Amino acid sequence: MTKRSQPGWSGARLREARERRGWSQAKLAIECGAIQSAVSHWEKGRREPSAGNLVALCVALDCNPAYLLGLPERDDGNEDAARLRAALLNIGRSSFHAL
């Protein structure tokens, strides 16, 4: 029996998204309203961001929350999953910009 990995927080994906933008941890922290040590802990998997911080990270990095949560990047035709991801990003953007 093959063990399947469960979706969950992916610090490696956070680091990859940050590096794709050419940002340091300090720059990402500024962009999402966190502190650099929090970004470091998230990337190393020592801690997971709160829901609010997850939204702020996704807005700052312009990425899908599913990606940072270790879920498949594609919905493979699942309209409910696509709508949920779009709603999360829209909620995050409006909440973040309201701050």
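A disulfide is a pair of cysteine sulfur atoms within 2.5 Å. Keep in mind that the model is predicted.

Q: How far is the sulfur of Cys63 from the closest cysteine sulfur, and in which residue is that sulfur?
A: A disulfide needs the two sulfur atoms within 2.5 Å. The closest cysteine sulfur to Cys63 is too far away for a bond. That sulfur sits at 4.2 Å, in Cys58.

Q: How many disulfides does a search of the whole structure find?
A: A disulfide is a covalent bond between the sulfur atoms of two cysteines. Cys63 has its closest cysteine sulfur 4.2 Å off, too far for a bond. Searching the whole structure gives a count of 0.

Q: Is Cys63 buried or exposed?
A: The cut-off for buried is under 20% relative accessible area. Cys63 comes in at 8% relative accessibility. That makes Cys63 buried.

Q: What is the relative accessible area of Cys32?
A: Cys32 is in α2, where it belongs to the set of residues that meet α3. Cys32 is buried too, and its relative accessible area is 5%.

Q: What pattern does the protein chain follow along the sequence?
A: The chain has 6 helices and 0 strands. Reading along the sequence, you get α-α-α-α-α-α.

Q: At roughly what angle do the axes of α2 and α3 cross?
A: Two packed helices are described by the angle between their axes and the distance between the axes. Here the helices are α2, residues 25–32, and α3, residues 36–44, with axes that come within 8 Å. The two are roughly perpendicular, because the range for that label is 65 to 115 degrees. The crossing angle is roughly 110°.

Q: Which residues in α3 does α2 meet?
A: From α2, the residues involved are Gln25, Ala26, Leu28, Ala29 and Cys32. By class, this contact has 6 nonpolar, 3 polar and 1 charged residues. On the α3 side they meet Gln36, Val39, Ser40, Trp42 and Glu43.

Q: Which residues does Gln25 contact, leaving aside its neighbours within four places in sequence?
A: Gln25 is placed in helix α2. At 17% relative accessibility, Gln25 counts as buried. Its contacts are Arg18, Gln36, Val39, Ser40 and Glu43.

Q: Are α1 and α3 oblique or roughly perpendicular to each other?
A: The axes of α1 (residues 11–20) and α3 come within 6 Å and cross at roughly 125°. Roughly perpendicular covers 65 to 115 degrees, and roughly antiparallel starts over 145. The pair is therefore oblique.

Q: How many charged residues does the contact of α1 with α3 have?
A: In α1 the residues are Gly11, Ala12, Leu14, Arg15 and Arg18, and they meet Val39, Trp42 and Glu43 in α3. By class, the contact has 4 nonpolar and 1 polar residues, and the charged ones number 3.

Q: Which element gives the most to the largest nonpolar core?
A: The core has 19 residues, and those with the most contacts inside it are Trp9, Leu14, Leu28, Trp42, Leu57, Leu61 and Leu68. Elements that give two or more residues are α1, α2, α3, α4 (51–61) and α5 (65–68). With 6 residues, the one that gives the most is α4.

Q: Which residues in α4 are buried?
A: In the protein chain of 99 residues, buried residues make up 33%. In α4, they are Leu54, Ala56, Leu57, Cys58, Val59, Ala60 and Leu61.

Q: What does Leu28 touch, not counting residues up to four places away in sequence?
A: Leu28 is one of the residues with the most contacts inside the largest nonpolar core. It touches Leu14, Arg18, Trp23, Val39, Leu57, Ala60 and Leu61.

Q: What phi does Asp62 take?
A: Asp62 is in the loop between α4 and α5. At 52% relative accessibility, Asp62 counts as exposed. Its phi is positive, in a residue other than glycine. The value is about 50°.

Q: How far apart in space are Gly8 and Gly70, C-alpha to C-alpha?
A: Gly8 lies in the segment before α1 and is partly exposed, at 30% relative accessible area. Gly8 touches Leu68, Leu69 and Gly70. Gly8 and Gly70 are 62 residues apart in sequence, yet in space the separation is 5.4 Å.

Key: Residues are numbered from 1 along each chain as its sequence is written. This is a predicted model: local features need pLDDT of at least 70, side-chain atom pairs count only at pLDDT 80 or more; totals for chains, interfaces and linings use all residues. Side-chain values use heavy atoms; hydrogens and water are left out. Axes are lines fitted to C-alpha atoms, for helices over the stretch in contact, and angles run from 0 to 180 degrees between N-to-C directions. Helices (H or I, at least four residues) and strands (E, at least two) are DSSP runs, numbered from the N terminus. Angles under 35 degrees count as roughly parallel, over 145 as roughly antiparallel, 65 to 115 as roughly perpendicular and the rest as oblique. Contact means heavy atoms within 4.5 Å. Ala, Val, Leu, Ile, Met, Phe, Trp, Tyr, Cys and Pro count as nonpolar, Asp, Glu, Lys and Arg as charged, and the others, Gly among them, as polar. Buried means under 20% relative accessible area, exposed over 50%, partly exposed in between (1.4 Å probe, protein chains only). A nonpolar core is a set of buried Ala, Val, Leu, Ile, Met, Phe, Trp, Tyr and Cys residues joined through side-chain atoms within 4.5 Å.
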